[in-house]
Each structure stands twice: as C-alpha cells, then as structure tokens.
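Please consider the following briefing on the packing of secondary structure in one protein chain.

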Amino acid sequence: MEIHRIPSTDFAEIWEAKDASQNFHAYIALHSLKRGPAIGGLRFWQYPNAAAALEDAQQLARTMTYKAALARLPHGGGKAVMIQPNTEYDRNTLMKLFGQFVLYLQGRYITAKDVGTHAQDMQVIRQETHWVTGLPQTSGGLGDPSQPTALGVALGIEVCLDHAFPTRPKKIRVAVQGLGGVGGQLVGHLEKKGYEIWATDISPLQILAFSQNPHFHSVLPEAILSTPCEVFAPCALGQVLNTKTIPLLQSKIIAGSANNPLKKEQREANALQQRGILYAPDFVINTGGLIHVAAEWAKSEKSSLENALEIIPQNLKEIFDLAEAEHLNPLQAALQRGEKLLRA
Ligand code: NAD
C-alpha cells in the first residue's frame, strides 16, 4: 500500500492511500487536531472520481471540528472516505487495508462508522489497529451510534418546533428522507410522539419495514422535498438542499441527521432564512453518534449517554437565540459559537 500526504494550508493533515492490486483507494482528512485526536467515521461510497471523494472527506472533516467543539469533546475533526470499487472487491481486505492506513497515523485519527460502513466493518479494522470505535457490543463497544444520533435528532426537533411555532399545530407531519440506521430509528421516536410520518428511501425494502405502522405514509424519493409538512428531516446523503430544491420545500423546519445537507452552506442557509424556514445545522443536531463513539473511546458507561445528549437541545436553543439577537442565520450562529469554543 502506498501512503502519501497531500499538501494543504487549511487542514492539519490530509492523507491518501492506494493499493491498486486490491482496488483500494482511501483518503483521511484531519481538519483540526487542536482539541485532541480527530474522531470521525469512514464513508464507503461510489464516487464519480477521486477528486469528488477527496472533496467529500474534506467537507465532512471540517464539519467534524465544529461538531466535536460544540459537543465539548476533547477531539478534533477528521473523516475518512474509501472509494467503493465498481469492479469486484473483497470487503474485509479493503477494511483491513484501511485499518493499516489508520495505524500509520499513530492515533491522530480514530475511525468509526459512517454511510456505507457497519459495526462489523469496525471489528475487521480492529484486527489491524486499536484506533477504532463504534464496535459491536459483543466486542466490548457501545453498539450502533445510529441510535443516539436518532435520539439526538428527535430531541432537536422538539426545540425546533418550540422555536418555529409559538403554538404547536395539532397535527405534526415529519417528512423523513432515508430510512437507514438513523432515519429508521427517528421514525420510531416520532411515532411515539404521535406525529404523522411521510417517508422515503431509494431502497423499497427499507420502506417495507414500516408499511404496517399506522402513522406511516410512503412517498416517492423525488416527491419527499415537496411533501407538505412541519419538519423535513434529511437522513440520507448530503447536499440535498440547493437552489433547485429549496424553492420546492413545503416545511417550516429542516432538522435531520444528514451531514452537509446544504450544497453551498451560506448561500442555502440564507435562502432558507429568506423563505422563513428554520434550519437546525447538521453539526449541532446530529452529534449523538459522535458523543456515543467518543464515550466508547473514553470507556464511559452507556448509562451516562442519554444525559450527554442533552447538550444537543441546549446548543440548539442557544444558537437560535444568538441568531435572533445578532440577526444571523442559524448556520452563522452555530459557526460563531463553534469558533468561540475552538479559541477557548
Ligand atoms: P445509512 O446508510 O444507514 O442510511 C441511509 C439511507 O438513506 C439508506 O437506507 C439509503 O438507501 C437511503 N438513501 C440514500 N440516498 C437516498 C435518496 N436520494 N433518497 C432517499 N433515501 C436515500 O446511513 P445512516 O447511518 O442512517 O446516516 C444517514 C445520514 O446521517 C448520513 O448523511 C450520515 O452521514 C449522517 N449521520 C449519521 C450518523 C450515525 O450515527 N449513523 C451520525 C451523524 C450523521
């Protein structure tokens, strides 16, 4: 395997690793190591080209810096992307090579699950390096981080509803895009509250799992953005909100787990504000998974996790208040708050 550093002025470190014989190609972007070793998931996904994969790793890593700071964690921001080959490959071989890549960085990066990877993959990576978290409970980990992520998003949605609606509407409709690890469990939390769910996934099997639920309605993937609702919860991939899709929205709130849901952050955050749509920044509301994997890394008890998630509603309240007081959009307010914590 060849590993080399990519020069960068605004990132602490960026690394690329390749092993052509195994179709292995991955990037690790470490945006900041100021608060401690970077912690962030491994995304295993098909990309149109290597430049797109690198850009994704960088964007995600930058967000992780703010996410860790706002969650008051002793970690910097980093993320890894492994390009899913479009030819045959052996998954375990790729994960082991990735483990060796992580080992090479000697603890400056701790990996975890992200889109396209699972706790079992982390177990395979663990064979090569101990700088991995998000392991299955059977291997001494705290289990799937999607659970606390979903719970954190559900807590955040409550803050958004309080903020956007001085009087709560009798019926609350939530449109959920993506019924995977987080989206699926979010539906459970929302159904318990009695909310109506309108949801979609590109995988019909994921939808089928909910089809018997009394408050669940399925929507075609292309119709989810224009579904009339109080809350749109993006829980699939990023960049779903852009100049084409924002005019379609029929919701008052955007609050979901997807990382980087805004294509051009400031432009889209302003467009949402102009449309009177309250935006809960991704790196504030989807922190549950990071809090979970950081707790596993610090060997904290699972029982302390639910209390730790309270930072999510607390941060959101502060950010919405700051945005109002200083005439900012919530993204600007969250970044300002994150910068302050990074300087502290
Ligand atoms: P996942 O891979 O388990 O689920 C994603 C789901 O989205 C899949 O079911 C997929 O079929 C579906 N999907 C993909 N494209 C779609 C589209 N265009 N329309 C509808 N459905 C689509 O991933 P996850 O762990 O649930 O994560 C979801 C999002 O939340 C990602 O952006 C991830 O980065 C972010 N996130 C996850 C965690 C976590 O703990 N898992 C933490 C923070 C952020």
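Predicted model: local features only at pLDDT ≥ 70, side-chain atom pairs only at ≥ 80, totals over all residues.

Residues are numbered from 1 along each chain as its sequence is written, and side-chain values use heavy atoms, with hydrogens and water left out.

**Sheet**
- Six strands form an open sheet of mixed pairing, ordered E1-E2-E3-E5-E4-E6; strands (E, at least two residues) and helices (H or I, at least four) are DSSP runs numbered from the N terminus, and two strands pair if DSSP finds at least two bridges between them.
- Strands E1 (2–5) and E6 (109–113) are at the edges with a single partner strand each, so one side of each has no neighbour in the sheet.
- Strand E4 (residues 38–45) runs parallel to E6 and is joined to E6 by five bridges; Leu42 stands opposite Lys113 in E6.

**Helices on the sheet**
- Helix H1 (residues 50–70) lies across E2 (13–19), E3 (24–32), E4 and E5 (76–83), at about 155° to E5; angles run from 0 to 180 degrees between N-to-C directions, with axes fitted to C-alpha atoms, for helices over the stretch in contact.
- Helix H9 (residues 288–297) touches E4 and E6, where contact means heavy atoms within 4.5 Å.

**Helix pair**
- Helices H2 (residues 91–104) and H3 (residues 119–126) pack at about 55°, with axes 8 Å apart.
- The contact involves Met95 and Phe98 of H2 and Val124 and Ile125 of H3, among others.
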